[in-house]
Amino acid sequence: RGKRCSGGRIAAVFMAAAALAGAMPALAANECGAATAGTAVDCAPGAYATGIHYSVDDLTLNVQGTATIRGATAPAGVGVANFGSGTGVSKVTTTGNISVTTSGNFGYGIHARASGPGDAVVETTGNTSVTTLGVDGAKAVFAYASGGGNALVNNRATVVTTGSGINDGAFGVFAMTTGGGDATANNAGTISTSGQFGYGVY
């Protein structure tokens, strides 16, 4: 179950999260092949030692089969990320035996971000597991819309966050908007958090 925090704590968390998201570099490694706006990319089963990262507008990123994904450690490890800045939907889905592990503070396990007016959506299904090992600021399954769109997470994964989150929280399933859209986080999976500021569903 998720936890609630005070208004001051909420404001601090949102300000820190927004600042971090704005400062993160564009990720465009395209590990599953080239992508163009308005299409879908399917990631084949396999090992992705440095994560899966895309920066393409209106893209659906599908991670399928059996895959092991690790995020880099610094400054913020990101396992699977899909960043869009246009009007379309930035979406990540997982289906199958997907294992995502990140380490380092502010690690994001599975992340969809829309910085334009589009929506950000993350949907995890199958036997997906997401583990963030950093001490602070981790967001295991995270949808963030900052340009007026909506953020939606539908989680069925097993999620573990190990950090105390003393400065910026540690979140299992997190939907966030800062541009006026709706944020919705739905969970049908299992979430384990630790520390005073660990939150299950937020």
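Residues are numbered from 1 along each chain as its sequence is written. Because the model is predicted, local features need pLDDT of at least 70 and side-chain atom pairs count only at pLDDT 80 or more, while totals for chains, interfaces and linings use all residues; side-chain values use heavy atoms, with hydrogens and water left out.

**Whole chain**

Start with the chain coloured by secondary structure. One helix and 16 strands are present (DSSP runs numbered from the N terminus: helices are H or I, at least four residues; strands are E, at least two). Of the 202 residues, 48% are buried (buried is under 20% relative accessible area, exposed over 50%, partly exposed in between, with a 1.4 Å probe and protein chains only). Taking contacts (heavy atoms within 4.5 Å) with a separation of 6 or more, 70% are between residues 24 or more positions apart. The accessible surface is about 7,900 Å², and carbon and sulfur atoms hold 52% of that (Shrake-Rupley method, 1.4 Å probe; for residues, only the protein chains shown count as cover).

**Cys32 and Cys43**

Select Cys32 and Cys43 next. Their sulfur atoms form a disulfide, 2.0 Å S to S (a pair of cysteine sulfur atoms within 2.5 Å), and a search of the whole structure finds one such link. The link is right-handed, with 105° about the S-S bond.

**Lys91 and Glu123**

Move to Lys91 and Glu123. Their side chains make a salt bridge of 3.7 Å, N to O (a side-chain nitrogen of Lys or Arg within 4 Å of a carboxyl oxygen of Asp or Glu). Lys91 belongs to strand 6 (residues 90-102) and Glu123 to strand 8, so that the pair links distant parts of the chain, 32 residues apart. Lys91 is partly exposed at 23%, and Glu123 is partly exposed at 26%. The whole-structure search finds one salt bridge.

**Thr128**

Finish at Thr128, in the loop between strand 8 (120-124) and strand 9 (129-132). Is Thr128 buried or exposed? Its relative accessibility is 2%, which means Thr128 counts as buried. Show the side chain of Thr94 as well: a polar contact of 2.8 Å joins it to that of Thr128 (N or O atoms within 3.5 Å; within protein, one must be able to donate a hydrogen and the other to accept it, and residues adjacent in sequence count only if both atoms are side-chain atoms). Leaving aside neighbours within four places in sequence, Thr128 is in contact with Thr94, Gly96, Ile98, Ile110, Ala157 and Thr158.
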